[in-house]
Amino acid sequence: MVSRVIPVDTFDLVIFGGTGDLARRKILPGLFRRFLSGQMPEGSRIIGAARSEMDSDGYREMIADAVAEFGGEESKDKKGLQAFLACLDYVAIDAKGEGGWAELAALVRHDVVQAFYFSVAPSLFGDLAERLHSNKIATSDSRIVVEKPFGRDLESARALNATLAAHFDESQIYRIDHYLGKETVQNLMAVRFGNVLFEPLWNNHYVDHIQITVAETVGVGGRGAYYDKSGAMRDMVQNHLMQLLCLIAMEPPSQFGADSVRDEKLKVIRALQPIDHHHIVRGQYDAGRDGQGYRADVENPRSFTESFIAMRCHIANWRWAGVPFYLRTGKRMKARSSEIAVVFKDLGHSIFEEDEARHRNILSIRLQPNEGMDLQVTIKEPGPGGMRLIDVPLDMTFAEALGADDHEVTDAYERLIMDVIRGNQTLFMRGDEVEAAWAWTDPLINAWEARNDVPKLYDAGSAGPEDAMMLLHRDGRRWREIKG
Ligand code: NAD
C-alpha cells in the first residue's frame, strides 16, 4: 500500500561533485531507485560534473559500482541498471576555472526542468553560480540544490545566502536537510494536522514535555578534521534537531504549501528562548571496548569539541509556555536511534485504587530504526487479578502496517530530489530559517567557547554523560531509553 508513483516532468539534473561520496552513496543510488519505480521520465538526463578527468563511459562504470555497493536489493536488476546508466553523462569541470563549461553548456537543455545539485564544498557555491550564468547555462527557472553545512555561524550563513541570492531567486534555491525527507517526519505533520485526535491536546495544558533524541553508534569516521571544527551543535542541532523541533511545535499552517509551512517554522525558531548554560550538557566520547576515544579519532589531543549535546529549551508562546523541550544527540551512543516523544501529563485524578504506578500517554515518533510511531496507552492488565493497569504501545511500524518492504519506504534523498524536479520547496529550508537558527545557536556556542568549556567524558556505547541524566532528573523526569 505504497503511494502511487507519479512521474515528474522530464529533467536535466547536473550533479556538481558527481564523483564524491555523497553522490555515490546517496544521490545516484536514490535516483536509480526512482528510475526503477518509473518516476523518472524517458529523456531525462543526469550529468555528473566533477574535477576528475574521465569520459561518460568511465562515469557509468563508477556509478554502476556505487549502485552495486549502496543501492540495496534493487541493484540486482541488471537490465534496469543498464537502462539507468544510459541516462548518465559526465563532464570534467573546474568550478574555479573555465575548463569543461562549454561542454556542459552544450549538454544542458533549456526546454526541460533544469536542476543543479551543488554536492561540493560550500566555498565553491559562488564560483558555480557565477559560471552557470556567465556560460548562459542557468535560466530564471533553474533550480539549485545545496547541502549542509549551510555556514558555520550566522555571518557565514548570511554570506552564503548573499552569494546565492546574487544569482538566483529564493524560489530557485533548495537547501537540503535530509531529515525533512524522512517518511516519519512528514507523517508527523499528517498525524498532527490530518486527525482531530491530537491537535486539541498539543499544548501546555496536556503535554508535560517533549524529548527529541538523535543517537548514532558511529564515531566521527573519516570526517574527523571537519567534525572537530564543527561539533554536535553545529553538525546536528542547528539543522536536523531544530527542524524536528519546528515541525512538532509549529502552529497549523493555513495550507500545506512551501511558504505557509516555512513561515510557521520560522516563528518557532524566533520564539526559542536563550538557554542558560546550566541547561546544556556537552560531552565527548571516551575510548570504549571496540574503539578509541574522540580525541584520538580526530587526532587532536586537546580538543574541546562536543560529540554529544543535551539541552533544555523553551518556546516563548501561548501554546508552549512552561513545556520543556529536551534535545539530545551524540556519537558512539549505545544504539542508533532517533525519536521524538511527546510525553503527556498525568491524569488529574485516578479512580483506580490499585493504580499506584504513574501511567502516562506517550506518543513516540521513530525516525530510525523501524520508521513508525507508537502511542502508549493505559489498559487493564488481562486476567482475573483485579483492576490492575498496565501501559501498552499501540504500535505502527510503517513497513509492517503499510505492507511495504524496507526498500519501498523511500529514502529521504530520493523524495527530496523528486520534490526539486516538481518545484515543491515545502521540505527545504528557506534562507531566513537557516539564519534564524544560527542566530539562536551562535550565542550558545560563543559563550562556551569564551569560557573554554570542557566537555564531559562519556563511555563509548553509553547513553551519554551522567550530567545529561541529571538535566532531566533535576526536573523530576527521565530520558527515554535509547533502543536500537
Ligand atoms: P567529496 O570530497 O567526497 O567530493 C567532493 C566532490 O567535489 C568531488 O566530486 C570533486 O571532484 C568535486 N570538486 C572538488 N573541487 C572541485 C572543483 N574545483 N571543481 C569541480 N569539482 C570539484 O565530498 P562529499 O562527501 O561528496 O560532500 C559534498 C558536499 O556535501 C559537501 O559540502 C559536504 O559537506 C556535503 N555533505 C556530504 C555528506 C556525505 O554524507 N558525504 C552529507 C551531508 C552533506
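This is a predicted model: local features need pLDDT of at least 70, side-chain atom pairs count only at pLDDT 80 or more; totals for chains, interfaces and linings use all residues.
Student: Good to know! Which residues touch the most other members of the largest nonpolar core?

Tutor: A nonpolar core is a set of buried Ala, Val, Leu, Ile, Met, Phe, Trp, Tyr and Cys residues joined through side-chain atoms within 4.5 Å. Buried means under 20% relative accessible area, exposed over 50%, and partly exposed in between, using a 1.4 Å probe and protein chains only. The largest core has 144 residues, and those that touch the most other members are Phe16, Phe84 and Phe325.

Student: And which helix gives the most to this core?

Tutor: Helices (H or I, at least four residues) and strands (E, at least two) are DSSP runs, numbered from the N terminus. With twelve residues, spanning a stretch at 231–249, the top contributor to this core is helix H9.

Student: Which residues is Phe84 in contact with, leaving aside neighbours within four places in sequence?

Tutor: Contact here means heavy atoms within 4.5 Å. With its sequence neighbours set aside, Phe84 is in contact with Leu28, Leu31, Phe32, Phe35, Met40, Ile46 and Ile63.

Student: Let's turn to the ligand. Which residues around it come nearest?

Tutor: A residue is near a molecule or strand if one of its heavy atoms lies within 4 Å of it. There are 19 residues around the ligand, and those that come nearest are Thr19, Asp21, Leu22, Arg25 and Ala95.

Student: How do the residues of that shell divide into nonpolar, polar and charged?

Tutor: Ala, Val, Leu, Ile, Met, Phe, Trp, Tyr, Cys and Pro count as nonpolar, Asp, Glu, Lys and Arg as charged, and the others, Gly among them, as polar. Helix H1 (residues 21–36) gives the most to the shell, with three residues. The division of the shell is nine nonpolar, four polar and six charged.

Student: How much of the ligand does the protein bury?

Tutor: Let's begin with the polar pairs, for which the cut-off is N or O atoms within 3.5 Å; within protein, one must be able to donate a hydrogen and the other to accept it, and residues adjacent in sequence count only if both atoms are side-chain atoms. A ligand oxygen is 3.2 Å from a polar backbone atom of Gly20, while ligand nitrogen atoms lie 2.7 Å from a side-chain N or O atom of Asp21 and 2.9 Å from a polar backbone atom of Ala95. Taken alone, the ligand exposes 830 Å², and the share of that buried by the protein is 73%. Accessible areas come from the Shrake-Rupley method with a 1.4 Å probe, and for residues only the protein chains shown count as cover; the value you asked for is 73%.

Student: Now the backbone. What is omega for the cis bond between Gln368 and Pro369?

Tutor: Most peptide bonds are trans. Pro369 sits in the loop between strand E12 (362–368) and strand E13 (372–380). For the cis bond that joins Gln368 and Pro369, omega is about -10 degrees.

Student: Where does Pro149 lie?

Tutor: The peptide bond from Lys148 to Pro149 is cis, with omega near 5 degrees. Pro149 itself lies in the loop between strand E5 (143–146) and helix H6 (154–165).

Student: Is Glu299 buried or exposed?

Tutor: Glu299 has a positive phi near 55 degrees, and its place is the loop between helix H11 (294–297) and strand E9 (308–313). With a relative accessible area of 73%, Glu299 is exposed.

Student: Is Ile248 buried or exposed?

Tutor: Ile248 belongs to helix H9. Its contacts beyond four places in sequence include Trp202, Trp320, Phe325 and Ile365. Because its relative accessibility is 0%, Ile248 counts as buried.

Student: Last one: which side chain makes a polar contact with the side chain of Glu199?

Tutor: Glu199 is in the loop between H7 and E7, and it is buried, with a relative accessible area of 18%. Beyond four places in sequence, Glu199 is in contact with Arg192, Phe193, Pro252 and Arg319. The polar contact, at 3.2 Å, is with the side chain of Arg192.

How values were computed:
Residues are numbered from 1 along each chain as its sequence is written. Side-chain values use heavy atoms; hydrogens and water are left out.
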